[in-house]
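Dear colleague,

Please find below the structure that I am handing over to you. My findings follow it, arranged by topic.

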Amino acid sequence: NIALMDFKTRNSNIDLPEARSAVKTIAQLLEGDSWLADNATESVFKNIAADYKILHLAMHGVTENENPEYSKLLFSSEVDSTEDGLLNAYELYNMNLNADLAVLSACNTGFGKLKKGDGTMSLARAFSYAGCPSLVMSLWSVPSDETANIMVDFYKELKDGNSKEVALRNAKLEYLSTANSERLHPFFWAGFIPIGNAEPIFESSFGFSWIYSILLFIITITICSLFIFFAKNSQNRG
């Protein structure tokens with residue numbers, strides 16, 4: 001029981017240094033930009049989010065079951081003159097995002113009140129409504145350390161040209177291959193699922209090498225066939 005209790009989730013106000021470390025690694029991997037700690041403000045997100053094709057939000061999330069439009073992501077507590085640092089679902093409904101993928105690496109981002117005719121009123125739904133065709137969302141209060149490791153591996157798999165579903169699956173399998181026995185429970189690794197467009201974001205370098213190998217094989221066979229053909233013709237003439 002002690003081992004199972006010795007972790008923190010992304011649904012409170014405690015610091016998340018492992019999330020910052022993961023974001024730095026992911027930004028370097030994708031040659032992207034990152035905003036950390038006090039620089040990760042709600043104003044920054046609202047001003048620049050529409051300019052990016054991949055959005056990764058590693059932070060605390062709060063679900064409001066009775067008033068799901070007030071479910072929110074917690075940005076920096078450094079309040080500016082226009083925002084309070086709480087990105088509510090109802091604010092996302094008024095945004096236009098151009099991202100191909102939004103990864104909501106916080107607690108319960110896919111969880112919410114089931115509304116007849118509308119489905120689950122979650123933060124993930126709000127991002128989808130704002131224009132994101134593909135999402136990775138959480139189904140419960142996810143552990144922060146394990147989530148950080150899975151997310152880094154997820155992006156490595158994406159960079160290799162895998163689909164979003166395969167990338168997340170492989171990242172979870174990688175976690176299971178190295179995790180301690182007390183951290184093998186699905187709670188630690190199964191909380192995230194992909195929804196929406198599952199197509200790859202990056203082209204596979206393996207795919208190109210495979211194509212080149214096939215072409216080289218065809219060219220080699222063609223040259224050999226021509227060589228044999230001309231050799232036989234030369235013998236017949238002789």
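One convention is needed at the outset: Ala, Val, Leu, Ile, Met, Phe, Trp, Tyr, Cys and Pro count as nonpolar, Asp, Glu, Lys and Arg as charged, and the others, Gly among them, as polar. By that division, the lining of the largest cavity holds 9 nonpolar residues, 2 polar ones and no charged ones. Please note that this is a predicted model.

Cavities

The structure contains 2 cavities of 30 Å³ or more. At least two lining residues come from each of helix 6 (144-159) and helix 8 (186-189). Helix 8 contributes the most, with 3 residues.

Largest pocket

The largest pocket holds about 1100 Å³ of space. It is lined by 42 residues, of which Trp-35, Ala-40, His-56, Ala-58 and Met-59 are the closest to its centre. Helix 2, helix 3 and strand 1 are the elements that give two or more residues to this lining. The largest share, 6 residues, is that of helix 2. Under the convention given above, the lining of the largest pocket comprises 26 nonpolar, 9 polar and 7 charged residues.

Aromatic pairs

Over the whole structure, a search returns 7 aromatic pairs. One of them joins Trp-35 and Tyr-52 in an edge-to-face arrangement, at 6.1 Å centre to centre and with 85° between the planes. Trp-35 belongs to the loop between helix 2 (17-30) and helix 3 (42-48), and Tyr-52 to the loop between helix 3 and strand 1 (54-58), so this pair ties together parts that are 17 residues apart in sequence. Trp-35 is partly exposed, at 36% relative accessibility, and Tyr-52 is also partly exposed, at 26%.

A further pair consists of Phe-45 and Phe-75, whose ring centres are 5.5 Å apart; their planes stand at 45°, so the pair is tilted. Because Phe-45 lies in helix 3 and Phe-75 in the loop between strand 3 and strand 4, the pair ties together parts that are 30 residues apart in sequence. Phe-45 and Phe-75 are both buried. Through ring pairs, Phe-45, Phe-75 and Phe-127 are linked into a cluster.

Three strands form an open sheet in the order 2-3-4, and their pairing is antiparallel. Strand 2 (60-62) and strand 4 (86-88) are the edge strands, each pairing on one side only. On average, neighbouring strands of this sheet are turned by 25° against each other, direction ignored. Between strand 3 (residues 72-74) and strand 4, the antiparallel pairing extends over 3 bridges. Leu-74 has Leu-86 of strand 4 as its bridge partner.

The loop between strand 3 and strand 4 also holds Asp-80. Is Asp-80 buried, partly exposed or exposed? Its relative accessible area is 29%. Buried would require under 20% and exposed over 50%, so a residue in between counts as partly exposed, and Asp-80 is accordingly partly exposed. Asp-80 and Ser-43 are 37 residues apart in sequence, while their C-alpha atoms are 7.8 Å apart in space.

With kind regards

Note on methods. Residues are numbered from 1 along each chain as its sequence is written. This is a predicted model: local features need pLDDT of at least 70, side-chain atom pairs count only at pLDDT 80 or more; totals for chains, interfaces and linings use all residues. Side-chain values use heavy atoms; hydrogens and water are left out. Two strands pair if DSSP finds at least two bridges between them. Helices (H or I, at least four residues) and strands (E, at least two) are DSSP runs, numbered from the N terminus. Axes are lines fitted to C-alpha atoms, for helices over the stretch in contact, and angles run from 0 to 180 degrees between N-to-C directions. Buried means under 20% relative accessible area, exposed over 50%, partly exposed in between (1.4 Å probe, protein chains only). Rings of Phe, Tyr and Trp (its six-membered ring) pair if their centres lie within 6.5 Å; planes under 30 degrees apart count as stacked, over 60 as edge-to-face and the rest as tilted. On a 1 Å grid over the protein atoms alone, a cavity is a set of points where a 1.4 Å probe fits but cannot get out, and a pocket is an open set with protein on both sides within 12 Å along at least five of seven lines; lining residues have an atom within 4 Å of a point. Grid points are joined across faces, edges and corners, and a volume is the space filled by probe spheres set on the points.
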